[in-house]
Amino acid sequence: MVGSGGLSIGQAGEFDYSGSQAMKALREEGIDAVLINPNIATWQTSHQLASEVYFLPISVDYVAYVLEKERPDGILLTFGGQSALNVGIELDRMGVLERLGVQVLGTPIRTLEVSEDRDLFVQALKEIDIPVAQSTAVSSVNAALDAADKIGYPVIMRSAFTLGGLGSGFANNPEELRDLAARGLALSPQVLVERSMKGWKEVEYEVVRDGADNTIICCNMENFDPLGTHTGDSIVVAPSQTLTDDEYHMLRSAALKVIRHLGVVGECNIQYALNPNSREYCVIEVNARLSRSSALASKATGYPLAYTAAKLALGYTLPELPNAVTKTTTACFEPSLDYIVTKIPKWDLAKFSSQVNREVGSSMKSVGEVMAIGRTFEESLMKAVRMVDPRWVGFEVFGKRMEKEQLDNVLQKPTDMRLFAIAQAMYLEGYTVDRIHNLTKIDKWFLYKLENIVETHRSLTTAGSVQAIDAELMTRAKRMGFADVHIASLVNSNEVAVRAYRKSLGIVPFVKRIDTLAAEFPAYTNYLYTTYNASEHDVEFDEHGTMVLGSGVYRIGSSVEFDWCAVTCTRSLRDQGVRTIMVNYNPETVSTDFDEADRLYFEELGWERVMDIFELEGAQGIVVSVGGQLPQNIALRLKESGVKVLGTDPENIDMAEDRHKFSSVLDKIGVDQPEWTEVTSVEAAKAFAERARYPVLIRPSYVLSGAAMNVVFEESALEYNLSAAASVSPLHPVVVTKFIEGAQEIDVDAVAHQGRLLVHAVSEHVENAGVHSGDATLVLPPYSLPELDMARLKEIAQKVAAGFDISGPFNMQIIRKAGAVGEKSKLKVIECNLRASRSFPFVSKVLGHNFIETAAAAITGVNVPEPVDVMAQARDYTSVKVAQFSWTRLGGADPFLGVEMASTGEVASFGRDVHEAYWASLLSTTGFRVPREKSGVLIGGDITAPEMRTIATTLSNLGFRLFCSSQVIEEFLNDLPYVSAKRIFFPTKDKRKLREVFDEFDIQCVINLARSRGKSVTDEDYVARRNAVDFGLPLLNNPRTAQLFVDSLAKKMPQGGLRKYVEGRIPSEVKSWREFTGVRG
């Protein structure tokens, strides 16, 4: 089984879900699965599913080595996204699969090739008279221009064999196309130029077919946004709402015809463009693998697509398989829905430097998505908007008011905030539906529905007070999906008052079951949602289970690692014999799979909804410490509302979140911390910085993943940043902390019970302090910490556990500054979260001790284990966790590491030592290409960094050629003994010329050790970093990791680390998790 690697934009958590489901299916059949996937944060790489797990790169070479070592009978390629698919096609071409006798299960390789190669695909569809978007495949810029002349502008250009529309875009003239094609051909050998059908409807069908040619349509979906926005960046509604019956059946028949002709076995999705004014349609693409849409379709219909696809790959037929969800029908029933599902993407573009381009188009930029279930479009849309960001109360004007010209522009050229632009147009500018339709090309049906929300909003505002809202209006508002807090804001009241008044009118939500068969057959699912558009409950509330709050939408700073925590916790509770209730709304997750909890509510994680479910279910208690920051934010309110919050007391959680309370607890228990102060004016901040001496770190209170945090080196920067950061939260003052330069950062993950430490792990960062711990490279066990410090770190963990009376998981970040000879090093705590952290799955798997299982016992107080020191055991292996970035997708963003988190995922590999482990981990990041021997390396940045000389010397000795773009660096490098570097012409404004320069000098790696972000778009360091990622080259942008990479290169090159796969020569890092840790799953 080939996984999909680290989470990146375009290839995220949905593959953890589909891979996990497929392995469940294999396990049921008694088949052993060998999994290769370096993503250590995922559920599928736990030992419950696969018999062997390899944390290695999803690359042709490494997959071939694993196949050679394990000699499996078959291979599954359609559950690991584009990465797995590309590797499989290549292995087949090399003849590796045939030589080792490995059978490709499910959709045959030939079909995969046809669906991926544009020319073959168009030809195949022509054979059965199905219209395809007219396109020409080209492999040079000039050929692209010729093709566009024949088709006629505007055109869309796409790269073949890439994921999520990477390297694609629209061009209105030859100039734009020339730039696009140069970029696209850097990422893929072939690009497609095709007619643009912007403004057409985009519709998707999910199809399942077995080896006996039984075919069903699982689900059809319609994009709220017309064609021109990548489907991963569109708001999607299922089932489709605006198609006529005739159009629906026309596309359905075409889908069945295409899938049969291509010979897909398992699941696939087909995307159409449909002309809104005629019956003209054409097929955009077919993905003959599980995709983001299929994860959404599975959750939207309750039909387990990945599970079914895996069974079909083993040779079953649809009529033989029972529907795993309903238990009463076979898998050959087409689902029919009596509800509406809305998916909205989560972009998180604000996390990146101001250079990032906010427009959304044919290349995907979102990092996650939410799915809401309701019985009207209005209800499900309003729910979904709140799920994307807890600050948003619903379809409402948000952000500052735009000028008319800017507003029209955003309506025409969508950005990540387009929905709120429509809100401004409707609420404030009085635009008609027709006018908005002409600008956006969004179907009028959707716009009329949005207008209904606006009407209800006006009626509520007119009412003026809570008491003035009559039962009819309150019912209407709740059926439209208005939240209590939204209603409160319109009538000058508060959420608690609105809730009490609403309940006094007898208006409460009903719990409905997703039964996939629209209640035509009795169904016994535990898959639930709440709605006001109903008159009775579908379930009895007699289980009184324990609620576990999930992590919500994947975003930067909170991703699949919290889903691993939630799933592990739920399973541990079930093992204790406790009934479990999972609440989460993320369709990409394993936690929202139908059989992970006794009851699953696909619902919001705000206070209102959690209270609704708690009261209806009569729950025993709520677990808030395994879902990241969202559940933590409402923990104290839940306690004040009379809910039993399990584990650490929410009052103590608040003590750790509030700087003043946190600081005084640390002082009381005798734990050191950096100097800090809280200021309400720029003057006070300057005074502190003078006293404590620069650099200082500034941060607003209550942050998620360090939004608006900055390290400041001088007074002018302090003024600028405080004007930028102060606007974040005027109610909350800003904290200024002394920043310790050149210090080491350490992560401590631990579990305690009633203040007693049960287990802890110490991971060390490779980068110095100043890089967000989510972006840092973590090494476990640590390789440079003396034993004395390890003992002191354990003591700090014990003091903190007791000081906050912790029951459950917690995590600390500690700064270590080595002392002078004979002196103890300084250890200062900079942060502490009383919840599971991002690194819990990493430490659990590396140390072979499941921290969340221990935490589940501590939270409930059942079978609490005795304390154990897993750090004291000697280990003959090391593991390194490396962050996965998605810079390529985020046009203009500066690939620079700072205190703001920027990575979208993570990978980790094992090795005999830190170099071997780092080598395998770095190669595991999606899209990493090892530089060829004797190729060129572009070096730049801060020459005062001591690593600069050692890096240059080592690279030079290894036979690489060094290049630079500035005179300062040229002089510095050429002054080093035995090093010669060449300064090259470096155009900062012309991407095409720069590409030629990179090709001319064969530059295959960029090392840029700049001290701060680029000030402008023409800054040489910024251009070097940005173009490294645009051209798909490895970029090392931190002195410590660059040094580690160069040292690893020096070790691996003599062992043939740069050579391609050779039969019979398996590298030493190709070992399974069990072989490294000696633990059986």
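Me: Which residues have the most contacts inside the largest nonpolar core?
Reply: F395, I422, M547, L549, L638, V800 and F810 do, in a core of 199 residues. A nonpolar core is a set of buried Ala, Val, Leu, Ile, Met, Phe, Trp, Tyr and Cys residues joined through side-chain atoms within 4.5 Å. Buried means under 20% relative accessible area, exposed means over 50%, and partly exposed is in between (1.4 Å probe, protein chains only).

Me: What kind of model is this?
Reply: This is a predicted model, where local features need pLDDT of at least 70 and side-chain atom pairs count only at pLDDT 80 or more, while totals for chains, interfaces and linings use all residues. Residues are numbered from 1 along each chain as its sequence is written, and side-chain values use heavy atoms, with hydrogens and water left out.

Me: What does V800 touch, apart from its neighbours within four places in sequence?
Reply: V800 is in contact with L666, I669, I806, F810, M812 and C832. Contact means heavy atoms within 4.5 Å.

Me: What else is there in the way of cores?
Reply: There is a second, separate core of 96 residues, which includes V66, A917, V937 and L1036.

Me: Zooming out, how many helices and strands are there?
Reply: The protein chain has 36 helices and 38 strands. Its radius of gyration is 28 Å, close to the 31 Å that the globule rule gives for 1081 residues, so the chain is as compact as a globular protein of that length. The radius is taken over C-alpha atoms, and the rule is 2.2 Å times the number of residues to the power 0.38.

Me: How much of the chain counts as buried?
Reply: 64% of the 1081 residues. The chain exposes about 38100 Å², and carbon and sulfur atoms supply 48% of that. Those areas come from the Shrake-Rupley method with a 1.4 Å probe; for residues, only the protein chains shown count as cover.

Me: What share of the contacts comes from residues 24 or more positions apart?
Reply: 71%, counting contacts in the protein chain with a separation of 6 or more.

Me: New topic. How many disulfides are there?
Reply: The count is zero, where a disulfide is a pair of cysteine sulfur atoms within 2.5 Å. For C565, the nearest cysteine sulfur is that of C569, 8.9 Å away.

Me: OK, phi then. What is the phi of K441?
Reply: Positive, about 65°, although K441 is not a glycine. K441 sits in the loop between α15 (433-440) and α16 (444-463) and is partly exposed at 41% relative accessibility. H544 has a positive phi too, near 45°, and is partly exposed at 36%. H544 is in the loop between β17 (527-531) and β18 (546-549).

Me: Which residues of α6 are buried?
Reply: In α6 (residues 118-127), R118, F121, V122, A124 and L125 are buried. They fall within an arc of 160° seen down the axis, so they line one face of the helix. The arc is that of the directions from the helix axis to the C-beta atoms. On the other side of α6, K126 and E127 are exposed.

Me: Last one: is W200 buried or exposed?
Reply: W200 is buried, with a relative accessible area of 9%, and lies in the loop between β8 and β9 (201-209). Beyond its neighbours within four places in sequence, its contacts include R195, P226, A273 and Y281. W200 and Y272 are 72 residues apart in sequence, with 9.5 Å between their C-alpha atoms.

Note on methods
Helices (H or I, at least four residues) and strands (E, at least two) are DSSP runs, numbered from the N terminus.
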